[in-house]
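Here is a set of questions and answers on one structure, covering the relation between its copies, a sheet and the nonpolar core.

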Number of protein chains: 2
Amino acid sequence: MGGGPGARGSCQIGGNIATNAGGNRVIRYGMMRDQVLGLEAVLADGTVVSSLNKMQKNNAGYDVRQLFIGSEGTLGVITRAVLRLAPLPCATQTALCALDTYDDVVRLLRHAQRKLSGRLSAFEVMWADFYGLVTTRVPGVRAPLRAGHPFYVLLDLQGNDGAQDTPVFEGMLESAMEAGLIQDAAVASSHKEAQSFWQLRDAVAEFPVMWSPNAAYDVSLPIGRIGEFAETLRARLLAVWPHAEPVNFGHVGDSNLHVSVYLPGATDQDFPEHEISDVMYGVVQEFRGSVSAEHGIGFHKKPYLHCSRTPEELALMRLLKRSLDPHNILSPGRVFDLA
Amino acid sequence: MGGGPGARGSCQIGGNIATNAGGNRVIRYGMMRDQVLGLEAVLADGTVVSSLNKMQKNNAGYDVRQLFIGSEGTLGVITRAVLRLAPLPCATQTALCALDTYDDVVRLLRHAQRKLSGRLSAFEVMWADFYGLVTTRVPGVRAPLRAGHPFYVLLDLQGNDGAQDTPVFEGMLESAMEAGLIQDAAVASSHKEAQSFWQLRDAVAEFPVMWSPNAAYDVSLPIGRIGEFAETLRARLLAVWPHAEPVNFGHVGDSNLHVSVYLPGATDQDFPEHEISDVMYGVVQEFRGSVSAEHGIGFHKKPYLHCSRTPEELALMRLLKRSLDPHNILSPGRVFDLA
């Protein structure tokens, strides 16, 4: 429930490492990079680099693992890995909150991080448009809180002892409400109810089917500026396409915003995906954000990599690629072009 | 109190990043690598690579930060950094426990990690020899528990609310005692008493003065095997130097063991440091450990880097160095030689 990346039913360990995958639990456990203690990779010349470290700490020379994590197969093929595991939590407290402003969202995040000290395990934000869509248009999704609030936050505490954790979680919500951070809240009283809260967030899987064609984005921005980013983006999109419907949601606790842009009436043939991407990544660049928070670059986002990396960073990436794969045989054409 | 690296009074941010520094709180917050969101570095050719990312998640191409963290200034000079901060904990629960076996130490670690879910903030282990030395020979250090137990663990929970945390912490200790994991325990009843517990561990700062000459090591090993490692090392050392006094302690919750080896009667002139290091790193190699957990390689440990890195890993490190610093002008001679 709400665990791991969206592709948790089909993805594989090697792919998770090669793409530095994220998901709903990054706020507690970090990205895939943080789970990898050791790995083995095959270089372009066939050399097998075994770096199957099992220790939490190892400062014996350069940390060569890092080259292969998140480089999308362009510097080596990952063949083995040693992962760090965490104890399975045995009790989860889940709530859905309604908030008035994005500033309140950020204040609630900081409040929950402080009050739950280390146990805040998800902080998913849904803008009003997202909440309205999924509660009225996706079959089987119910609305635990009335629609119309500007922001909804789905958050949980994963711990070891429900009896001890419940008052901590509820105390955090009560003090947030007293401070005026949240306008309304629903606390899940059962595992089944928590699942129904997560159905709201997971309904995003229906978007490509129900609102096709659309363009889906995975950007990151400094947490404090995501609200302003979403407003700016909406204004820029509506200036060009007055009927555009940008829908915002994401792992805001980790600085990660997902945006899905739908144009009513557009068809697969005339959907202006490139033009929408130009607007999107232009605003990302203005806000000094990243064109990919967790999905990576691949082929699709290659033309926009320069929006969030300096020429010097790109030159350094190319230097690494040329040094490790001089004949460009590993995932050629991914992430960036060499020419 | 017990916070950060040993050099917390004098170290600087750039040095912490360049060496990927550790310390007593790694178990909760990770190494320095985990605190760096963005950085700026100057390459050997004078290029300034600004990668001042402020986001928790950024998969826009290669993560070039990683090259400069922990590479000891050999790939670039770090000039700016963006750090991740965590809320300051407002309440700490501290205990000192006595244990019978190293297996119990590992079981207590797992037990505390599970029961304190995310809030275990130090897990420092002192072997009997360490505890005996510091409580009898270092002025001002008192013994909260009697000497003679094989192992002492100093652990704490850092949280937000002492009233809520105290029963969780004491419950964890009680269930550990009921399960036979710990033989005796002292819980600090005040900040001052907690400080006196930490004085035990921090007394290590006196070692170079009180037991000179000695050889000090910073190795890491898979957590489950550290007890066996310490026994093997002691036997190997005593076989050569029957009066050697190896003293074991360290951040065992992070796989990091420190060993200080003293030879009564030896002088600066005849202290066999190289021979002791040969024995030490030979055993580290057998146990597939690392010759440096947190202190790095520098010049001193260069001859032993091959004990914990494969020829392929070393070749890859050299390839990176040659690619980024072809004239070998950045910290030349550190970590490894190029020839």
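Two residues count as in contact if their C-beta atoms, placed from the backbone, lie within 7 Å. The model is predicted.

Q: Through which surface do the copies meet?
A: Of the interface residues of chain B, 100% are also interface residues in chain A. The copies therefore meet through the same surface.

Q: What kind of axis relates the two copies?
A: Two copies of a chain are related by a rotation about an axis and a shift along it. Here chain B superposes on chain A by a rotation of 180 degrees with 0.0 Å of shift along the axis, at an RMSD of 0.0 Å. The two copies are thus related as by a two-fold rotation axis.

Q: Which C-alpha of chain B is nearest the axis?
A: The C-alpha in question lies 2.7 Å from the axis. It belongs to Gly118(B).

Q: Which are the edge strands of the open sheet in chain B?
A: The three strands of this sheet pair in the antiparallel sense, in the order β2-β1-β3. An edge strand pairs on one side only, which in chain B holds for β2 (48-51) and β3 (77-83).

Q: What is the bridge partner of Val36(B) in β3(B)?
A: Strand β1 of chain B covers residues 36-42 and pairs with β3(B) over six bridges, antiparallel. In β3(B), the partner of Val36(B) is Leu83(B).

Q: How many residues are in the largest nonpolar core?
A: Val153(A) is among the members that touch the most others, as are Val105(A) and Leu108(A). Val153(A) touches residues including Cys97(A), Phe123(A) and Val125(A), leaving aside those up to four places away in sequence. The number of residues in this core is 200.

Definitions and conventions: Residues are numbered from 1 along each chain as its sequence is written. Chains are lettered from A and ligands numbered from 1 in the order in which they are written. This is a predicted model: local features need pLDDT of at least 70, side-chain atom pairs count only at pLDDT 80 or more; totals for chains, interfaces and linings use all residues. Two strands pair if DSSP finds at least two bridges between them. Helices (H or I, at least four residues) and strands (E, at least two) are DSSP runs, numbered from the N terminus. A nonpolar core is a set of buried Ala, Val, Leu, Ile, Met, Phe, Trp, Tyr and Cys residues joined through C-beta atoms within 7 Å. A residue is buried if 20 or more other C-beta atoms lie within 10 Å of its own, exposed if 12 or fewer, and partly exposed in between; C-beta atoms are placed from the backbone. Copies are superposed by least squares on the C-alpha atoms of residues with pLDDT of at least 70 in both.
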